[in-house]
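Here's a quick tour for anyone meeting this structure for the first time. Have a look at it below, then read on.

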Amino acid sequence: MEDGRRFRGDGGLNRQSLLWGAGLAAALLLWVVSWLHLETAADLAIQVIGLDRSRPLGSALRFFIYEVPKVLMLLLAVVFAMGVVHTFVSPERTRSLLSGRRTGVGNVMAAALGIVTPFCSCSAVPLFIGFLQAGVPLGVTFSFLVSAPMINEVALALLFGMFGWRVALLYMSMGLMVAVAAGVVIGKLNMEPYLEEWVRKLQNSSPGGEYETGAVTWPYRFGEGVKHVREIFGRVWLFIVLGVALGAGIHGYVPENFMAALMGEKSWWSVPAAVLVGVPMYSNAAGILPVIEALLGKGAALGTAMAFMMSVIALSAPEMIILRKVLKPRLIAVFAGVVAVGIIMVGYLFNMLF
Amino acid sequence: MKQVKILGSGCAKCNQLAEAVRAVIAAEGIEASVEKVEDMQEIVAYGVMSTPALVVDGEVCCKGRVPSADEIREMLSAAPHRCCCGDHAKGSGRQNGTCC
């Protein structure tokens, strides 16, 4: 293995990494083989049950039997990889990378790091303050705060699984654009007076930005990947099954282009309307995506659906309430407004491109 | 008597950590006071950027995750200022008890 030199030189660990290597290789092989046979298996299952693919019930059931394992398998691969990546990028490390960066470069870096840094919305406040303490500029901090929840591995894996890699990649780049633009705008507006007093006092108070790098072994990193998979799967698998079931129902029974009039390309107001509805809503990517797939299948425009999804994931009423502890209402309003406008623009762009 | 603090804004994981810590304390018969800290200013004062975090006798032992019962036992039984976060301690990566 090329990274053998990273391991401590004792025999026990080498054996452990060898076991990991063999196990992962076997898992990968199994994964690829199953992946290639998903469609055949779904067709076979429908035949065995004795249903006709061209009838609504057969069509809906086949959609379900094919789609659920496909999405779960992609999620498995992406979440495992991200669990491993997380062992390289702690919030502390990200902070020290961003400390003292200028507007522009700093915002781009913050948005990109937001994708790979482990982040939980419940620690948004301590993270926000930790960044400001270490001298990360306010606008750069906001770029991170927009990108981290919006562009997460679950969202990307599900988009990939349901709409293909192009849409996933586009979501990622559009999300990065929103995060960078929102951070730059907030940075230029000089909003520091709208931080709560106790937060202002802490700004730049410990610009060291040090972090520990322990001796991290590959077996440890892989173990973290497995842990991450367990954690995420426990939380989202039911959403995916329910969501795809809903999608399958619509797939089989709701008439084609049912949504076209409401969320189609022709109605210009549909993008801002979708964002306005989505902003206060709170859901994770898993909960919202299958619904979006169902909407798209029936003629809703891609840009409108993506804008809805971004606004649900990136902004929510509970998040605003948490942020109220560190931001004055005016800065919260600016934050929500700037991000919402960015998402609306991205929605129109998506609609133009597809 | 150990002073144990759980830092977190009341999210699901914070409650998990508090329960796990209480369970270990009860099972091992460790003498300790457990306090949940939800005030942001106090949490931030510990320099923690990801919650939940476990503080034993004033030192941050673990942050951003819920450690296993074994790890918690180790953190609670370590001598003062020797508590190990175990973050990078899996396998034999940690030697001669170096701490984070």
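## Two helices side by side

How are H4(A) and H5(A) oriented to each other: roughly parallel or roughly antiparallel? Keep in mind that this is a predicted model. Helix H4 of chain A covers residues 91-98 and helix H5 of chain A covers residues 105-116, and the two pack at an angle of about 170°. Angles over 145 degrees count as roughly antiparallel, so that is what H4(A) and H5(A) are.

The axes of these two helices are 10 Å apart, and H4(A) passes H5(A) in a right-handed crossing. On the H4(A) side, the contact is made by A:Thr94, A:Leu97 and A:Leu98. H5(A) brings A:Gly106, A:Met109, A:Ala110 and A:Leu113.

## Two domains in chain A

Chain A splits into domain 1 (12-86 + 217-235) and domain 2 (99-205 + 254-353). Their centres, taken over C-alpha atoms, are separated by 28 Å. Where they touch, 10 residues come from domain 1 and 10 residues from domain 2. On the domain 1 side, helix H3 (residues 56-86) of chain A gives the most, with nine residues.

## The largest nonpolar core

The largest nonpolar core has 125 residues. The members that touch the most others are A:Leu158, A:Ala182, A:Ala307, A:Met309, A:Val339 and B:Leu54. Domain 1 and domain 2 of chain A both give residues to this core, so it lies between them.

Let's zoom in on A:Ala307. Leaving out residues up to four places away in sequence, A:Ala307 touches A:Val271, A:Ala274, A:Val275, A:Ile343, A:Ile344, A:Val346 and A:Gly347.

Methods
Residues are numbered from 1 along each chain as its sequence is written. Chains are lettered from A and ligands numbered from 1 in the order in which they are written. This is a predicted model: local features need pLDDT of at least 70, side-chain atom pairs count only at pLDDT 80 or more; totals for chains, interfaces and linings use all residues. A nonpolar core is a set of buried Ala, Val, Leu, Ile, Met, Phe, Trp, Tyr and Cys residues joined through C-beta atoms within 7 Å. A residue is buried if 20 or more other C-beta atoms lie within 10 Å of its own, exposed if 12 or fewer, and partly exposed in between; C-beta atoms are placed from the backbone. Domain bounds come from an automatic or database domain assignment. Two residues are in contact if their C-beta atoms, placed from the backbone, lie within 7 Å. Axes are lines fitted to C-alpha atoms, for helices over the stretch in contact, and angles run from 0 to 180 degrees between N-to-C directions. Helices (H or I, at least four residues) and strands (E, at least two) are DSSP runs, numbered from the N terminus. Angles under 35 degrees count as roughly parallel, over 145 as roughly antiparallel, 65 to 115 as roughly perpendicular and the rest as oblique. A crossing is left-handed if the near helix is turned anticlockwise from the far one by less than a right angle, and right-handed if clockwise.
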